[in-house]
Amino acid sequence: MISTSDFKKSLTIELKGEIYSIVDFQHVKPGKGGAFVRTKLKNVKTGLVIDKTFRAGEKMEQAVIDRKTMQYLYGDSNGYHFMNKETYEQISLSKDQISEITDLLKEGNDIDIIFCKGEVIGIELPNFMSLKVIETMPGAKGNTVYGALKPATMETGVIIQVPLFIKEGDMIKIDTRENKYIERE
């Protein structure tokens, strides 16, 4: 059990059977009445952010989460398959469990899988990935307006807006949090 005085960013707590991560919190002591703690909590499974107020000193259960770095092996009709590089244990996840990142999965990449009580509750890609451009329109000569972008299809199937000078076959670095182009490699 932890108290509101133990709150810090990214701490995970369990409320009403759901697991939340503390995004932000503020201790408030009004002139009249008892102190309280205002928080922004992110549901680890759904990503939904809620506002919740706790009385100062209120106790709750801390959720113990475990992060394992696993290698993405392949995807098929049974799901997406990952392997723990230390124990060689393999797990399969359904499309529903990882739907938000399936278009960025590349065979051989390391992915952080988040577990709580032996159950998968989340998955995180590395912040930056290198991908090969499979298809894009050629940039027209003289069409060099500052900051002009064009769509490009990556090897994983995701479409990213890239600068005009990028051509098919180029390797580019992207930010997986925002699906944005960073630089050509």
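**Strand pairing and aromatic contacts**

In strand β10, D110 is the bridge partner of Q71. The strands involved are β7 (residues 65–76) and β10 (residues 110–116), joined by seven bridges and running antiparallel. Strands here are DSSP runs of E with at least two residues, numbered from the N terminus. Two strands pair if DSSP finds at least two bridges between them.

This is a predicted model: local features need pLDDT of at least 70, side-chain atom pairs count only at pLDDT 80 or more, and totals for chains, interfaces and linings use all residues. Residues are numbered from 1 along each chain as its sequence is written, and side-chain values use heavy atoms, with hydrogens and water left out.

Strands β7 and β10 belong to an open sheet of five strands, in the order β9-β8-β7-β10-β11, with antiparallel pairing. Its edges are β9 (90–93) and β11 (119–124), each of which pairs on one side only. On average, neighbouring strands of this sheet are turned by 40 degrees against each other, direction ignored. Such angles are taken between axes, which are lines fitted to C-alpha atoms; they run from 0 to 180 degrees between N-to-C directions.

Now look at β12. Strand β12 (residues 128–136) pairs with β15 (residues 171–175) in the antiparallel sense, over five bridges. There, F128 stands opposite D175. Strand β12 is also joined to β13 (residues 149–154) by three bridges, again antiparallel. V133 has M154 in β13 as its bridge partner.

Next come the rings. Four aromatic pairs turn up in the whole structure. Rings of Phe, Tyr and Trp (its six-membered ring) pair if their centres lie within 6.5 Å; planes under 30 degrees apart count as stacked, over 60 as edge-to-face and the rest as tilted. The centres of F7 and F25 are 6.4 Å apart and their planes stand at 80 degrees, so this pair is edge-to-face. F7 sits in the loop between β1 (2–3) and β2 (12–15), and F25 in strand β3 (residues 18–28), 18 residues apart. F7 is buried at 5% relative accessibility, whereas F25 is partly exposed at 32%. Buried means under 20% relative accessible area, exposed over 50%, and partly exposed in between (1.4 Å probe, protein chains only). Ring pairs link F7, F25 and F54 into a cluster.

Two lysines sit over rings. K68 lies over the face of F115, 4.9 Å from the ring centre. The charged end of K173 is over the ring of F128, 5.0 Å from its centre. The criterion is NZ of Lys or CZ of Arg within 6 Å of the ring centre and within 35 degrees of the ring normal.

Notes: Helix = DSSP H or I, 4+ residues; strand = E, 2+ residues; numbered from the N terminus.
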